[in-house]
Amino acid sequence: MPVILAIESSCDETSASVCVDGEILSNVIANQTIHEAYGGVVPELASRVHQQNIVPAVQQALLNAKVNKNDIDAVAFTRGPGLLGSLLVGVSFAKAFALAKNLPLIDINHMQAHILAHFIGDHKPTFPFLCLTVSGGHTQIVLVKDHFDMEIIGQTLDDAAGEAMDKTSKILGLPYPGGPLIDKHARSGNPDAYKFPEPQIPGYNFSFSGVKTAILYFIRDNVAKNPNFIQENLADICASVEKRIATILLNKLKRAAEEYGIKDIALAGGVSANTGLREGLTNLCADKGWNCFIPKFEYCTDNAAMIAIAGHYKYLKGEFVGQEVAPLARMPFG
Ligand code: KG4
Ligand code: ZN
């Protein structure tokens, strides 16, 4: 019955979670609102706020789980990829805690953890499965052969899907992070109101920079003709952008699933909170007779529960790291 304390601090959420024998007992997430004024995450501010939030987040996670710090068996933490200063706060806390309590340390890859969030709860995918991981910094189609045996078969050559959402929302004058706001406005809009191009990229790779530029020019040209174009058509613009981004992602995922002959299909990462994408994948899987795995909302965006469940499986494998471990801004799948 391993008791794992997990820490996530790769970007702008400070999160702590406690997992006992693979069951998540708490998942505390402290969001940072300070970045809203800047239109994006300011790394230096993010690490300072992590420093303020980390101890209260861990205390609350232990309290919610009703677990005493003396009962913890290992400390899992996000080692990368992410903002180096932000990672450093979580890594340093995990190392200090482990040193003080003489506990083993487990390093976790944030992108693998997004995928392993599917092992929280009873509805688990079967290996091998395909996972479309879409976040603010990454867009990947991953062939998941085992908990820690993952192969990226396609990824973005430029912007990530979340970045395309966030940049579009910036063009529309909406605050950061824009993805959830595009989602909100899209619900009352017509997804077929405007057509944006689908890039023709070989294989399972993606590109979102052309779509982003097309959206930028479309808005610029229409605002030149009608200064109120955005206000008058916000819902339709958001619905059309959301539909285009979702279809780009799902068309590739569909081809990969067909060509690899895989029937368990999963979605992960912050953009998997998007309503249009969730509905699109649900419909695709229903149509194809595939098994669909979509995380609960609380496990889509950054959270320590996914670090805890990944830590649980690494603990079972006996894979630990020493006190010399350092964060990695870029971290390949190990
Ligand atoms: O995984 P995540 O929380 O952080 C990273 O590891 O990057 O993903 C954050 C991204 C942001 O780009 C955010 O705008 C997007 O996920 N996002 C959404 C939604 N919720 C979060 N995008 C579209 N619709 C949403 N509902
Ligand atoms: Zn993430």
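User: Why is H147 called buried?

Analyst: This is a predicted model, and in it H147 has a relative accessible area of 17%. Buried means under 20%, so H147 counts as buried.

User: Where does H147 sit, and what makes up its surroundings?

Analyst: H147 is in the loop between β7 and β8 (149-155). Leaving aside neighbours within four places in sequence, H147 is in contact with L116, F119, F127 and Y313. Y313 is 166 residues away along the chain, yet the C-alpha atoms of H147 and Y313 are separated by 7.4 Å.

User: And S169, why is that one called buried?

Analyst: S169 has 1% relative accessibility, and the limit is under 20%, so S169 counts as buried too. S169 is part of helix α4. Beyond four places in sequence, S169 is in contact with L174, P175, G178 and I182.

User: How do you know which residues are closest to ligand 1?

Analyst: Ligand 1 is surrounded by 18 residues, with G136, D166, D183, G270 and N274 the closest. Helices α3 (110-116), α4 (161-171) and α5 (179-186) each supply at least two residues of that shell. Sorted by class, the shell has 11 polar, four nonpolar and three charged residues.

User: Which atoms of ligand 1 pair up with G136, V271 and N274?

Analyst: An oxygen atom of ligand 1 is 2.8 Å from a polar backbone atom of G136. For V271, an oxygen atom of the ligand is 3.5 Å from a polar backbone atom. With N274, a nitrogen atom of ligand 1 is 3.1 Å from an N or O atom in the side chain. As for cover, ligand 1 taken alone exposes 550 Å², and the protein buries 89% of that.

User: Which residues of the largest nonpolar core touch the most other members?

Analyst: They are L130, I141, L249 and I265, out of 46 residues in that core. Several elements each supply at least two residues, including β6 (129-134), β9 (264-268) and α8 (275-288). The largest share, 15 residues, comes from α7. In general, nonpolar side chains in soluble globular proteins tend to be buried together.

User: What does I265 touch?

Analyst: Not counting residues up to four places away in sequence, I265 touches L130, L253, A257, L281, C285, W290, N291, C292 and F293. There's also a second, separate core of 33 residues, with I4, A6, A305 and F333 among them.

User: Why is D21 called partly exposed, while K66 is called exposed?

Analyst: D21 has a relative accessible area of 41%, between the 20% and 50% limits, so D21 is partly exposed. K66 is at 75% relative accessibility, and exposed means over 50%, so K66 counts as exposed.

User: What is the phi of D21, and of K66?

Analyst: Phi of D21 is near 50°, and phi of K66 is near 55°. Most residues other than glycine have a negative phi. D21 lies in the loop between β2 (13-20) and β3 (23-31), whereas K66 is found in the loop between α1 (43-65) and β4.

User: Which residues does a cis peptide bond join?

Analyst: One joins G80 and P81, with omega about -10°. Another joins Y176 and P177, with omega about -5°. P81 lies in the loop between β4 (74-80) and α2 (84-101), and P177 in the loop between α4 and α5.

Key:
Residues are numbered from 1 along each chain as its sequence is written. Chains are lettered from A and ligands numbered from 1 in the order in which they are written. This is a predicted model: local features need pLDDT of at least 70, side-chain atom pairs count only at pLDDT 80 or more; totals for chains, interfaces and linings use all residues. Side-chain values use heavy atoms; hydrogens and water are left out. A residue is near a molecule or strand if one of its heavy atoms lies within 4 Å of it. A polar contact is a pair of N or O atoms within 3.5 Å; within protein, one must be able to donate a hydrogen and the other to accept it, and residues adjacent in sequence count only if both atoms are side-chain atoms. Accessible areas come from the Shrake-Rupley method with a 1.4 Å probe; for residues, only the protein chains shown count as cover. Helices (H or I, at least four residues) and strands (E, at least two) are DSSP runs, numbered from the N terminus. Ala, Val, Leu, Ile, Met, Phe, Trp, Tyr, Cys and Pro count as nonpolar, Asp, Glu, Lys and Arg as charged, and the others, Gly among them, as polar. A nonpolar core is a set of buried Ala, Val, Leu, Ile, Met, Phe, Trp, Tyr and Cys residues joined through side-chain atoms within 4.5 Å. Buried means under 20% relative accessible area, exposed over 50%, partly exposed in between (1.4 Å probe, protein chains only). Contact means heavy atoms within 4.5 Å.
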